[in-house]
Amino acid sequence: MAFYALFLRMSNANVQQQCTLVLYSKGRFLGFKRGLRNQYEHTALIQLENVNSKEETHFYEGKRVAYLYRAPTAKKGTHIRCIWGRITRPHGNSGTVRAKFRHNLPPSAMGSTVRVMLYPSNI
């Protein structure tokens, strides 16, 4: 299978080597669910990294998705904000999934990266 429960990022320090655990996988926001003439902004299409078939997407169903962006004004001491969503089902046969967010993603987010959290676990 093409998914991993934990990722390790290695960075070289002067003397020590530091390891950071990352509990998310990456995805790309492709656009909205649509037909020939209509677009449905309440459902986002996300291409998952290293997922290339419909069978591999079943692991990610129900997982939470976070879209992080920078805002011009700070709130609660940070400029970074987040829109949360959840993967609902596969879309097509090539590893794309549908996700619904609490607030619809803005069109300016198309092509940007989202984080697919590896919780809640189904295992």
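This is a predicted model: local features need pLDDT of at least 70, side-chain atom pairs count only at pLDDT 80 or more; totals for chains, interfaces and linings use all residues.
Colleague: Let's start with the strands. Which way do E3 and E8 run relative to each other, parallel or antiparallel?

Modeller: Strand E3, residues 24-34, and strand E8, residues 113-117, run antiparallel and are joined by 5 bridges.

Colleague: How should I think about side chains along a strand?

Modeller: In a regular strand, they alternate between the two faces of the sheet.

Colleague: Now the rings. How many aromatic pairs are there in the whole structure?

Modeller: A search finds 3. One of them is Phe29 with Phe32, edge-to-face, with 5.4 Å centre to centre and 70° between the planes. Both Phe29 and Phe32 are buried. Another edge-to-face pair is Phe59 with Tyr60, at 5.1 Å centre to centre and 90° between the planes.

Colleague: Why does Phe59 count as buried?

Modeller: Buried means under 20% relative accessible area, and Phe59 counts as buried because its relative accessibility is 17%. Tyr60 is buried too, with a relative accessible area of 1%.

Colleague: What sits over the ring of Phe59?

Modeller: The charged end of Lys63, 4.5 Å from the ring centre. Elsewhere, Arg64 lies over the face of Trp84, at 4.5 Å from the ring centre.

Methods. Residues are numbered from 1 along each chain as its sequence is written. Side-chain values use heavy atoms; hydrogens and water are left out. Two strands pair if DSSP finds at least two bridges between them. Helices (H or I, at least four residues) and strands (E, at least two) are DSSP runs, numbered from the N terminus. Rings of Phe, Tyr and Trp (its six-membered ring) pair if their centres lie within 6.5 Å; planes under 30 degrees apart count as stacked, over 60 as edge-to-face and the rest as tilted. Buried means under 20% relative accessible area, exposed over 50%, partly exposed in between (1.4 Å probe, protein chains only). A charge sits over a ring if NZ of Lys or CZ of Arg is within 6 Å of the ring centre and within 35 degrees of the ring normal.
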